[in-house]
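Please look over the model shown here.

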Amino acid sequence: MRLSGPALRVTIFTGENDTWHHRPLYSEIVHRAHAAGLAGASVFRGVEGFGASSIVHTSRLLSLSEDLPVAVVIVDTEDRVRAFLPQLDELVTEGLVILDEVEVITYTGRKPGA
């Protein structure tokens, strides 16, 4: 797949303990993005943060180290990202979903056998 030039980045902010049918929500999002043929998805675990609940979650205090923030980032063409949004609407019942216009400079994978 070739990807360059204008694109959309969708970022989903949620908690690491959020689930979809007993599976981590971030994992469900990544697998659905893969099944939808999107260019890629990455999950980033935060060390500290808060959201709409105003509860600060941090990895610095053992008692508060549960449900740390997680960001799932997906970049692809506008059409493909927008076609994926209904799935996110179904999956994300708590959290934040944002869209950004981005410009892809380089998108390359490993060459087979490398």
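Which residues lie nearest the centre of the largest pocket? They are Thr14, Gly15, Gly51, Ala52 and Gly95, out of 19 residues that line the pocket. The model is predicted, so local features need pLDDT of at least 70 and side-chain atom pairs count only at pLDDT 80 or more, while totals for chains, interfaces and linings use all residues. Residues are numbered from 1 along each chain as its sequence is written, and side-chain values use heavy atoms, with hydrogens and water left out.

A pocket here is an open set of points on a 1 Å grid over the protein atoms alone, where a 1.4 Å probe fits, with protein on both sides within 12 Å along at least five of seven lines; lining residues have an atom within 4 Å of a point. The volume of the largest pocket is about 450 Å³, counted as the space filled by probe spheres set on the points. Strands S1 (5-15), S5 (48-49) and S7 (69-76) each give two or more residues to its lining; strands are DSSP runs of E, at least two residues long, and helices are runs of H or I, at least four. S1 provides the largest share, 3 residues. By class, the lining has 8 nonpolar, 7 polar and 4 charged residues, with Gly counted as polar.

Helix H1 (residues 25-35) packs against helix H2 (residues 78-91) at an angle of about 160 degrees, with the axes 11 Å apart. H1 is therefore roughly antiparallel to H2, a term for angles over 145 degrees.

Terms used: Axes are lines fitted to C-alpha atoms, for helices over the stretch in contact, and angles run from 0 to 180 degrees between N-to-C directions. Angles under 35 degrees count as roughly parallel, over 145 as roughly antiparallel, 65 to 115 as roughly perpendicular and the rest as oblique.
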